[in-house]
Structure formats: C-alpha cells, structure tokens
Amino acid sequence: WGHRDDGSWGVLDANSATDADLWLAWALAEAGRRWNEPAYHDLSRTLGARILRDSVAEVPRLGPVLLPAPGGFRDADGGVRLNPAYLPLQVLRGLAAAHPDQRERWLALIETSITVLQRSAPRGLVPDWVHVDRDGRFAFEGAADAGGGYDAIRVYLWLGLLDEADPARRTLLRRFRPMAHLVRRH
C-alpha cells in the first residue's frame, strides 16, 4: 500500500511476504496445538500448503528454495532472487513437525535453506539479496562483504533463537562467526 506514480493511493504490490506467511502458519499451528483448536491447525496446514505451492521454486542442482513472495522472483531461464532473511529454520522445522502430510517437502526446503544460508555468506556476512542461476551458482546483489542491512540482520537473529539441539546450529554459527567478531570489535 502506498502512494502511486499517478498520485493516488493504493496497492503497490499484491504479493504477500513469504516470511510473514511462514510465521503466521507456524503461529496458527502452535495455537492449534496449545489450545487444542483444530480450526487453527487446519488454517496453518492450508497456509503451509499454499506457501509450498506458490512460494517455492525448484532450482536444478540446488533443490527447492523459498521465494520472498509468490510473484516476481523467478527468472525466465530458471534462476531466482532470494532473501536469506526469509529462512527462519525454527519456523520451517515447526511446520514440518506440525504437518506430517507436508513433512517431506518442508524437510527438503530446510536442507536447501541451510545451503542457501551457507553459500550466500562465503565470508560469514549475509547479503540482503542473492541471485541463484538455474545451475545453482550464487551471485550477490551489492557487496556481500558489507554484511547486508535491514534484511540480513534477521539471519543472525534467527540463528540466535535457534534451538541449541538443532543439527544445523553449530555449522551455521561457525559460518557466521565473522559477524560475531565484527560486533565484538565495534
């Protein structure tokens, strides 16, 4: 929603933000579980199915990746534009646990999300955006060494909130150690 070029106010982008959809689906699953309310669980499952259908792209040599929104992030040749901050592993794992019928797809998405997080930060600093071509090669938008901005900072937040027992935690903490060093120094 915002101010259009013609001076009117209205919808500027009809896309939903996939990360918001993920958090909402997970919150509904948790509400359904905690309050024993099947309607919340059903809404979570429906939203999860929609995310998996509309906001996931299959990239050859990489696998399924979570797009920032259903529209506008796929290239005609099979590449995609991704935002690493849209990959909260705890939420993806929560959805995999909450919906056994979707579990396999969520688990595949978790595996490629871990790969995206690692490969998008070759020096341990996350960019806001990364392009992945149809062959699974990563190209950074802006300086990857700059560590990103508003979007990227959420990757470190999600990692800080990741369960200590999560199998990816140790690997990701090692990958993002350079950011921890920067924070300590500055």
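Thr 112 sits in helix α4, which covers residues 103-119. Keep in mind that this is a predicted model.

**Thr 112**
- With a relative accessible area of 7%, Thr 112 falls under the 20% cut-off, so it counts as buried.
- If you skip its neighbours within four places in sequence, Thr 112 touches Leu 62, Gly 63, Pro 64 and Val 65.

**Helix α1**
- Helix α1 takes in residues 18-34, 17 residues in total.
- The buried residues of α1 are Thr 18, Asp 19, Asp 21, Leu 22, Ala 25, Leu 28, Ala 29, Ala 31 and Gly 32.
- An α-helix has 3.6 residues a turn, so residues three or four places apart point the same way.
- What do the buried residues of α1 pack against? Their partners are α2 (38-54), β4 (63-66), α3 (89-98), α4 and α5 (150-161).
- After α1 comes Asn 36, with a positive phi near 50°.

**Where α2 meets α4**
- The axes of α2 and α4 are 11 Å apart, and the two helices pack at an angle of about 55°.
- That angle makes α2 oblique to α4.
- As for handedness, α2 passes α4 in a left-handed crossing.
- On the α2 side, the residues involved are Gly 48, Ile 51, Leu 52 and Arg 53; on the α4 side, they are Arg 105, Trp 106 and Leu 109.
- By type, the residues of this α2 and α4 contact split into four nonpolar, one polar and two charged.

**Val 56**
- Val 56 belongs to strand β3, residues 56-59.
- Is Val 56 buried or exposed? Val 56 has a relative accessible area of 11%, under the 20% cut-off, so it is buried.
- Leu 67 is 11 residues from Val 56 in sequence, yet their C-alpha atoms are 5.7 Å apart in space.
- Leaving out neighbours within four places in sequence, Val 56 is in contact with Ile 51, Pro 64, Val 65, Leu 66, Arg 74, Arg 105 and Leu 109.
- Among those partners, Ile 51, Arg 105 and Leu 109 also turn up where α2 meets α4.
- Pro 64 and Val 65 are contacts of Val 56, and they are contacts of Thr 112 too.

Technical notes: Residues numbered from 1 in each chain as written. Predicted model: local features only at pLDDT ≥ 70, side-chain atom pairs only at ≥ 80, totals over all residues. Heavy atoms only, no water. Helix = DSSP H or I, 4+ residues; strand = E, 2+ residues; numbered from the N terminus. Buried < 20%, exposed > 50% of the residue type's maximum accessible area, 1.4 Å probe, protein only. Contact = heavy atoms within 4.5 Å. Expected span 1.5 Å × (residues − 1). Axes fitted to C-alpha atoms, helices over the stretch in contact; angles between N-to-C directions. Parallel < 35°, antiparallel > 145°, perpendicular 65-115°, else oblique. Left-handed = near helix turned anticlockwise from the far one by under 90°. Nonpolar A, V, L, I, M, F, W, Y, C, P; charged D, E, K, R; others polar.
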